[in-house]
Amino acid sequence: MYLLEFLIIFPLFISVILLLLKGERLRAGLVKISALAISSAVIVLLISTFHQSIQYFKAESHLVDKIMFFTEWALAGYILYLGIKFKRAWVTLLILLQAALMFYFEYSCGAKVISENNLFIDKFSIIMSLVVGIIGSLICIYSTGYMEDFHRDYHKEIKDRRNFFFFAVFVFLSAMFGVIFSNNLLWLYFFWEITTICSFLLIGYKRTQESRNNAFRALEFNLLGGLAFLAAIIIFYRTTGSIELSKVMLLGKAWALIPVMLICFAGLTKSAQLPFSSWLLGAMVAPTPVSALLHSSTMVKAGVYIILRFAAVLQGTMAGFALALIGGITFLVASFAAVSQSDAKKILAYSTIANLGLIVLCAGIGTYEAMWAAILLIIFHATAKCLLFLCVGTVEHKIHSRNIENMSGLIITLPKLSIMLQIGMAGMFLAPFGMLISKWAALKALVDYNPLLAIFVVFGSSVTLFFWVKWMGKLIIVAEPKDEIEQGISKSQWFPLGALSVLTLSVCGFFPVVSSVLIEPYCLEIYARTITMSQGNIVIMSIMLAMVMLFPLSFINYGKRVKVVDAYLGGANINNNVEFRGSSGRVRSMSMYNYYLGDYFNETKLLKFGIIISIILVIAMLGLSLL
């Protein structure tokens with residue numbers, strides 16, 4: 001239990017010190033030491049608990065309950081103040097409704113509410129703690145170098161509030177550990193809302209009008225989810241007299257389905273599923289480490305984590321099927337919308353929304369095969385997507401653009417970063433890298449459950465291949481001689497990028513071990529049956545991994561071997577082959593651009609269609625839970 005308490009309290013303690021600390025070197029040193037401590041703690045947690053079954057802990061709650069109670073009211077007052085100050089009617093209304101519900105619950109039942117076990121740990125918790133602890137820590141280290149460049153060289157107009165930035169990031173990590181380890185639903189709700197506020201503060205870090213608008217949009221959607229979460233707790237307590245997560249999971253579907261679907265609704269808002277996806281796209285205005293944090297190890301992962309917790313309850317229900325369809329529609333629409341994008345962060349955002357949709361699709365089905373695939377998706381997506389975001393952040397600082405059309409020839413100008421980007425992209429779609437394995441597993445689970453659902457994966461995955469290959473091609477195109485510009489990137493950025501590259505390859509190479517040690521035992525605990533991979537399949541995939549690895553590794557020292565020759569452009573080449581003089585004597589530019597097919601993959605039309613369908617499905621999901 002001490003490790004669980006350490007992982008919740010330690011980042012919170014460090015966040016307060018970072019808020020007060022002024023010196024840059026001291027702050028950077030403390031961030032790195034703290035990140036090392038958190039990473040070490042989750043590894044020790046893995047080693048010490050992976051062989052044990054689920055464990056529950058009482059954890060003294062009287063003082064903690066008091067602290068949470070006063071903190072909740074203080075934060076509600078702060079949000080209410082912001083809502084009134086910035087004239088945000090929805091924020092004001094939603095926080096007032098939450099406050100009214102909380103007031104009703106506290107003063108009608110508060111004194112009688114007792115949780116036998118406030119904390120717990122099982123194998124799913126261990127997996128999530130590794131994602132939060134290791135990937136979150138690497139983002140913290142990366143942020144020390146990135147944020148220094150951000151304020152010193154690229155955004156001098158923005159007030160330097162790095163002490164506040166790192167304060168919010170460490171509070172975020174603390175809250176995520178709270179979400180993962182809480183068995184008491186009131187504690188879980190408290191940490192859930194802390195993540196909402198942290199994301200609001202970090203998205204609005206720049207304090208521009210655009211960042212403020214996008215931060216409030218994220219706050220509105222997530223407060224709506226928080227309201228549903230609180231209503232679920234009250235219904236569950238009124239029905240059963242308990243507020244323990246483990247008891248919700250053990251109850252029969254008829255008893256638990258209404259509060260479960262309300263919590264799943266909260267999970268949909270937090271994981272940016274349609275019709276709530278716009279907040280995650282708007283969050284791209286934040287500094288890149290924030291985007292990496294939201295996408296890989298914190299905010300959106302909390303959303304799918306809570307939905308997956310109830311997968312077994314959802315299995316075989318019509319409400320669960322409606323939830324699965326929301327995930328399927330989200331996967332399909334977001335994948336199609338990504339094809340027409342050229343902004344690298346927006347492509348990554350759509351890709352995240354799509355893959356989270358696939359996880360929700362699996363959770364809605366709720367079978368042991370779907371659960372196995374969904375947990376694999378969480379692991380592979382977290383590592384590869386974090387690597388891609390951090391690479392894009394560094395590339396943006398070096399070339400002053402994140403448009404993939406401007407990344408042409410990156411293999412020459414930024415060779416190491418280019419290879420890391422390719423590793424991240426390979427991790428997202430190339431066989432036998434993780435995401436493809438996960439999609440194969442998800443596809444098998446869907447075919448076994450209802451073959452019609454496989455349509456979402458088949459068509460969504462086909463366009464996924466399109467936009468990843470399109471981007472990858474731009475990296476290795478060399479149209480003219482260019483100089484390398486990779487110097488000047490700090491060690492605090494190189495280390496996390498290198499570690500994440502190794503981690504992406506490692507989780508792909510060792511996923512059979514991860515599966516046998518953590519995922520399969522978890523499925524056995526919940527369903528009493530699981531997927532087992534045959535020795536033959538493991539050997540085949542290992543061979544494929546070694547062969548496919550030749551692709552990104554073949555570009556090591558590529559720049560030194562490249563020989564740029566004159567291309568035939570239909571006239572006399574001038575200006576390093578980027579222009580030519582035509583037969584009429586006019587000078588024309590040579591250009592190579594990707595296809596974006598905006599007429600076929602129109603973002604606005606696709607989202608409009610997806611939002612209408614998903615609203616209908618959300619209403620159906622909540623309505624079917626009442627039957």
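Visitor: What makes the charged end of Lys270 count as sitting over the ring of Trp192?

Guide: The charged end lies 4.6 Å from the ring centre of Trp192. A charge sits over a ring if NZ of Lys or CZ of Arg is within 6 Å of the ring centre and within 35 degrees of the ring normal. Lys416 likewise sits over the ring of Trp494, with its charged end 5.6 Å from the centre.

Visitor: What kind of model is this?

Guide: It is a predicted model, where local features need pLDDT of at least 70, side-chain atom pairs count only at pLDDT 80 or more, and totals for chains, interfaces and linings use all residues. Residues are numbered from 1 along each chain as its sequence is written, and side-chain values use heavy atoms, without hydrogens and water.

Visitor: How many aromatic pairs are there?

Guide: The count is 24 aromatic pairs. Rings of Phe, Tyr and Trp (its six-membered ring) pair if their centres lie within 6.5 Å; planes under 30 degrees apart are stacked, over 60 edge-to-face, the rest tilted.

Visitor: Why is the pair of Phe103 and Tyr107 called tilted?

Guide: Their planes stand at 40°, so the pair is tilted. The ring centres are 4.7 Å apart. Both residues belong to helix H4 (residues 89-109), four residues apart, about one helical turn.

Visitor: Why is Tyr107 called exposed?

Guide: Its relative accessible area is 58%. Exposed means over 50%, buried under 20%, partly exposed in between (1.4 Å probe, protein chains only). Phe103, at 47%, is partly exposed.

Visitor: What makes Phe177 and Phe181 a stacked pair?

Guide: Their planes are at 5°, so the pair is stacked, with centres 6.2 Å apart. Both lie in helix H6 (residues 162-181), and both are buried.

Definitions and conventions. Helices (H or I, at least four residues) and strands (E, at least two) are DSSP runs, numbered from the N terminus.
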